[in-house]
Amino acid sequence: MIVELNNINKSYGKYNILENVNLKINSKEKVAILGKSGSGKTTLLNIIATLDRHYSGSLKLFGKYTNDLNNDELAKMRKGKLGFVFQDFGLLENLTAEENILFPSRSAGLEISIDSYYEKLISTLDIGSILKKYPLELSGGEKQRVSIARAMIKKPNILIADEITSALDPYTSSELIMYLEDITSVFKMTLLIATHDLKVAEICNSIYFIRNQRVFPVKDVNEAKKFFRGEVNEKKYK
Ligand SMILES: Nc1ncnc2c1ncn2[C@@H]1O[C@H](COP(=O)(O)OP(=O)(O)OP(=O)(O)O)[C@@H](O)[C@H]1O
Ligand SMILES: [Mg+2]
């Protein structure tokens, strides 16, 4: 088990955002977190990524209760084992694509070399021809592929992605989903992805839907559609 959430409750002031969340992620599992805007997807990812520690309940990562770890130990775990990809790419404008991929991990003290892993990453994401370009010279899909390479370069145990297709047009978004599928299968990745795009959920083997502060396991994309439309009887899940 890579991730284990037990009875997580999260609120902002008087607003409950997540209630009694239990979730387990196994190694090599691909998990989609679906839910409407404002339902708590990013909040949940931030908790799992140990970026937010203001909640009740327990979180276990790689067999360790995060409550037993201090900030330095958590930062070390994040740095070495978690790869992040965000909606807004987060690339540095004054660095080339290649520098953007290598720089963050190297400056975090990780040993990164231009080896066969790197070559495989670049070819799987098909970004070999744009490595010398700057972010301003890249399309949205290319930027997102560079940011996936940046997250993957340190060989993370889990790739955590938040709405990585939402800034892209439908065609580019479908293309990115295929690249993501390739990355997860070539590198046998564990994936945790928050999205409101059902096409992303199609490449995952576990789907959860956040609704009314609760996280529901969903059998497949069709059932997820019913959740989006509000057509499910949540009581049967209790
Ligand atoms: N720092 C904060 N302070 C107070 N409320 C917050 C804060 N961050 C988020 N919220 C609230 O928590 C709820 C969940 O937000 P969250 O960002 O997790 O939603 P989301 O599912 O990721 O939405 P989206 O699909 O739009 O990204 C929202 O109602 C939001 O307004
Ligand atoms: Mg969000």
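A residue counts as buried when its relative accessible area is under 20%, as exposed when over 50%, and as partly exposed in between. That scale is used throughout this account of a predicted model. By this cut-off, helix α3, residues 97-107, has as its buried residues Ala97, Glu98, Asn100, Ile101, Leu102 and Ser105. The cover over these buried residues includes two further helices, α4 (116-125) and α5 (140-152). After α3 comes Gly109, with a positive phi near 90°.

The chain as a whole can now be described. Eight helices and 10 strands make up its secondary structure elements. A compact globule of 238 residues would have a radius of gyration near 18 Å, and the protein chain, with 18 Å, agrees with that expectation. Along the principal axes, the C-alpha atoms fill a box of roughly 55 × 40 × 30 Å. Buried residues account for 52% of the 238.

Helix α4, part of the cover over α3, contains Thr124. Thr124 has a relative accessibility of 13% and therefore counts as buried. A polar atom of its side chain lies 2.6 Å from the backbone oxygen of Lys120. Beyond four places in sequence, Thr124 is in contact with Tyr179, Asp182, Ile183, Val186 and Phe187.

Most residues other than glycine have a negative phi. Asn7, in strand β1 (residues 3-12), has a positive phi near 50°. Its relative accessible area is 41%, so Asn7 is partly exposed. Phe62, which is not a glycine either, has a positive phi of about 50°. Phe62 is placed in the loop between β4 (56-61) and β5.

The loop that runs from β5 to α2 holds Thr66 and Asn70. Is Thr66 buried or exposed? With a relative accessible area of 2%, against a cut-off of 20%, Thr66 is buried. Leaving out neighbours within four places in sequence, its contacts are Thr50, Arg53, Tyr55, Leu59, Leu61 and Leu74. Of these, Leu59 and Leu61 fall within the range of β4, 56-61, while Leu74 falls within the range of α2, 71-81.

Asn70 lies between β5 (64-65) and α2 (71-81). Its relative accessible area is 42%, so Asn70 is partly exposed. A polar atom of the Asn70 side chain is 3.1 Å from the backbone nitrogen of Asp72. Ser147 is 77 residues away from Asn70 in sequence, and the C-alpha atoms of the two are 28 Å apart in space.

Another loop, between β2 (15-25) and β3 (30-34), contains Glu29. Glu29 has a relative accessible area of 12% and is therefore buried. Which polar atoms does the side chain of Glu29 meet? One polar atom of this side chain lies 2.7 Å from the backbone nitrogen of Asn26. The side chain of Glu29 also makes a polar contact, at 2.5 Å, with the side chain of Ser206.

How values were computed. Residues are numbered from 1 along each chain as its sequence is written. Chains are lettered from A and ligands numbered from 1 in the order in which they are written. This is a predicted model: local features need pLDDT of at least 70, side-chain atom pairs count only at pLDDT 80 or more; totals for chains, interfaces and linings use all residues. Side-chain values use heavy atoms; hydrogens and water are left out. Helices (H or I, at least four residues) and strands (E, at least two) are DSSP runs, numbered from the N terminus. The radius of gyration is taken over C-alpha atoms; the globule rule is 2.2 Å times the number of residues to the power 0.38. Buried means under 20% relative accessible area, exposed over 50%, partly exposed in between (1.4 Å probe, protein chains only). A polar contact is a pair of N or O atoms within 3.5 Å; within protein, one must be able to donate a hydrogen and the other to accept it, and residues adjacent in sequence count only if both atoms are side-chain atoms. Contact means heavy atoms within 4.5 Å.
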